[in-house]
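Please keep the sequence and the 3D view at hand while reading.

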Amino acid sequence: MNWLKKSKHIWIIPAYGVFYMIAFMLMESSGAKTHLIHSLVDDKIPFCEYFIIPYVIWYFFLLGSVLYFTFACSSNKEYYQFLGTLGVGMTLFLIVSYVYPNGQNLRPELTGDSLFIQAVQFLYKIDTPTNIFPSMHVFNATASCVALLQNRQCRKHKIFSAGVLVLTISIILSTMFLKQHSVADVLTALILNIICYQVFYRIIPMNQEKLGRILTRKEIFTLPNAISIARLAMAILFLGIFQRQGIKDQKTLLSLLLIAAAATDFLDGKIARIFRQESSVGRILDPVADKAMQGAILICLSFHYTLAKPVLIFFLIKEAYMLVSGWRVLTETSEEWSAQWHGKLNTAVSYAVAIIIFAGPGIPRATADILIGAGAVCMAMSLLMYIDEFRVLLGRVKRPNRRKVAERVRGENPVP
């Protein structure tokens, strides 16, 4: 019993593993129309059946890495860094596979009866060329390599470290030389690894004390946060239904999701204020859910309206700025920051525009463009006001003292 109590963190692995396999198999059997991923570089890479060796070794490499950090590594911190990286990458892979069904047509016709050719033929038979972006072979191999090279015990053995590095490179190359993945799948997986490394091995350890004060049970497990998470799930569901079934067949369902998301956006803040459940986590989670829904709306609109494409690009630039600036306020200052009225107005306009376009009976293209343009104007206004606020919060300019200004005005112009 004592061992079970001390090892309760281990149950994360089988629990998530079951969830991942069920979700992956459901998407594999969905039969959705796939977007082909292909680049000119893929055509230049020759097929080489011998790379089946490192490709298969990947399974043992990943399993061995998980077992080591679970049972042999004395540092719980490294365990959670490694498992956190794997969990984020694999969850994002599931989300991408759902909202953007993808595949490839790179596999060649195999001839010959060598052992390696037969092994590749068996691989092609059991592994469909769908849901490949980003490559989990590349992501998990690189995550394992990084975790092992960061481990103090592993770094003591130079030959082992060199072997891990060579094996990881071989696994990455095998995904392309076996025509299992496109170069785009590989590069995206590597970029995702870089982001996860910065988050779990750099940013979180550097801000562990401050994050520990924010990420408490009282801050996390609240009804408003649960509502915000539900809205985030609605954004993923909305985009997935649109991509897989289109707007014509699911117009009613998409409209209902928009209305439900707008309702939850109103409810979470209202409930937080009434029941005094406002939290730092909620101040982050609420705008994240809002932006996810706005992004999903703009992505869907960009497939039908030309004006929505530059608005989507502007939205991504705006949110990248907001993410960086918001993180700096969180980590570099003691200020509390939350979404402002102009941000809420921007979100409300986005919902209104989307509901009119999706639920409306045949909105003319010119009218839709005007509505999208109005949303873009609100977005630009909100960005300018947030830029000014972030400058104040980060100490670049002094906060205007409106009370003193008002008193001075009243002193200069006394009421008769």
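## Overall make-up

Of the 416 residues of the chain, 43% count as buried, where buried means under 20% relative accessible area, exposed over 50%, and partly exposed in between, with a 1.4 Å probe and protein chains only. The model is a predicted one, in which local features need pLDDT of at least 70 and side-chain atom pairs count only at pLDDT 80 or more, while totals for chains, interfaces and linings use all residues. Residues are numbered from 1 along each chain as its sequence is written, and side-chain values use heavy atoms, with hydrogens and water left out.

The secondary structure comprises 19 helices and 2 strands; these are DSSP runs numbered from the N terminus, with helices (H or I) of at least four residues and strands (E) of at least two. The C-alpha trace spans about 100 × 55 × 45 Å along its principal axes. Among contacts in the chain with a separation of 6 or more, 84% come from residues 24 or more positions apart, a contact being heavy atoms within 4.5 Å.

## Proline 101

Proline 101 lies in the loop between helix H5 (76–99) and strand S2 (102–103), and it counts as buried because its relative accessibility is 3%. Leaving aside residues up to four places away in sequence, proline 101 touches Ala32, Lys33, Thr34, His35, Val96, Gln243 and Arg244. Glutamate 332 is 231 residues from proline 101 in sequence, and the two are 40 Å apart in space, C-alpha to C-alpha.

## Surface and patches

The accessible surface of the chain comes to about 23,600 Å², and 68% of this belongs to carbon and sulfur atoms; accessible areas come from the Shrake-Rupley method with a 1.4 Å probe, and for residues only the protein chains shown count as cover. Patches are made of residues with over 30% relative accessible area and no salt bridge, with like charges joined within 9 Å and nonpolar side chains (Val, Leu, Ile, Met, Phe, Trp, Tyr) within 5 Å. A salt bridge is a side-chain nitrogen of Lys or Arg within 4 Å of a carboxyl oxygen of Asp or Glu.

Arg152, Arg155, Lys156 and Lys158 form a positive surface patch; of these, arginine 155 belongs to helix H8 (residues 152–155) and is partly exposed, with a relative accessible area of 41%. A nonpolar patch is formed by Val18, Met21, Ile22, Met25 and Leu26, which together have about 490 Å² of accessible area. Isoleucine 22 sits in helix H2 (residues 12–28) and counts as partly exposed at 45% relative accessibility.

Key
Lys, Arg positive; Asp, Glu negative; His and termini not counted. Charge placed at Lys NZ, Arg CZ, Asp CG, Glu CD.
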